[in-house]
Amino acid sequence: MKAGEQKAALLASMEGAPVTRAASCLRKYLRGERTTQREAILGKCADCMAYFVDGRYGCENEACPLYPWMPFLGRRSGAAGPSTDVSTVEGR
Ligand code: SF4
């Protein structure tokens with residue numbers, strides 16, 4: 001499968017995925033639009049976390065070099081309280 005086809009298939013698979021900034025960044029890349037480094041990180045985390053379909057929480061994989069920059073950093077699975085996308089916080 002060529003890269004363009006792979007991107008199109010991945011974009012199609014995102015239909016119905018939760019709306020998060022990270023998922024939007026991934027969609028932007030898959031549509032062929034230019035992304036910033038920050039958007040690329042958020043997009044990769046959305047891909048890695050299956051678009052956050054299981055909830056908006058951190059991956060807890062501190063071995064990953066992207067970990068300090070991932071959305072929902074520090075938010076645990078099943079945590080109570082309102083969802084907060086820390087990627088929207090200035091400077092993140
Ligand atoms: S920080 Fe976590 S979610 Fe993001 S790419 Fe690394 S392992 Fe995946």
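Buried residues make up 21% of the 92 residues in the protein. A residue is buried if 20 or more other C-beta atoms lie within 10 Å of its own, exposed if 12 or fewer, and partly exposed in between, with C-beta atoms placed from the backbone. This is a predicted model, in which local features need pLDDT of at least 70, side-chain atom pairs count only at pLDDT 80 or more, and totals for chains, interfaces and linings use all residues. Residues are numbered from 1 along each chain as its sequence is written.

**View 1. The fold contains 3 helices and 0 strands.** From the N terminus, the elements run α-α-α. Helices (H or I, at least four residues) and strands (E, at least two) are DSSP runs, numbered from the N terminus. Among contacts between residues at least 6 apart in sequence, 35% join residues at least 24 apart. Two residues are in contact if their C-beta atoms, placed from the backbone, lie within 7 Å.

**View 2. Helix α2 (21-30) buries one face.** Its buried residues are Ala22, Ala23, Cys25, Leu26, Tyr29 and Leu30. Seen down the axis of α2, these residues fall within an arc of 155 degrees, so they line one face of the helix. The arc is that of the directions from the helix axis to the C-beta atoms. An α-helix has 3.6 residues a turn, so residues three or four places apart point the same way. The buried residues of α2 pack against α1 (3-13) and α3. After α2 comes Gly32, with a positive phi near 90 degrees.

**View 3. Helix α3 (37-48) packs its buried residues against α2.** Those buried residues are Ile41, Leu42, Gly43, Cys45 and Ala46. α3 has 12 residues and reaches 16 Å from its first C-alpha to its last. That is close to the 16 Å expected at 1.5 Å a residue. The expected span is 1.5 Å times one less than the number of residues in the helix. Leaving aside neighbours within four places in sequence, Leu26 is in contact with Gly43, Ala46 and Asp47.

**View 4. The largest nonpolar core holds 15 residues.** Such a core is a set of buried Ala, Val, Leu, Ile, Met, Phe, Trp, Tyr and Cys residues joined through C-beta atoms within 7 Å. Ala22, Leu26, Cys45 and Ala46 touch the most other members. α2 and α3 each supply at least two residues of this core. The largest share, 6 residues, comes from α2. In soluble globular proteins, nonpolar side chains tend to be buried together.

**View 5. Ala50 and Glu60 each have a positive phi.** Ala50 is not a glycine, yet its phi is about 50 degrees. Ala50 lies in the segment after α3. With 12 C-beta neighbours inside 10 Å, Ala50 counts as exposed. Glu60 is not a glycine either, and its phi is about 70 degrees. Glu60 is also placed in the segment after α3. Glu60 is partly exposed, with 13 other C-beta atoms within 10 Å.
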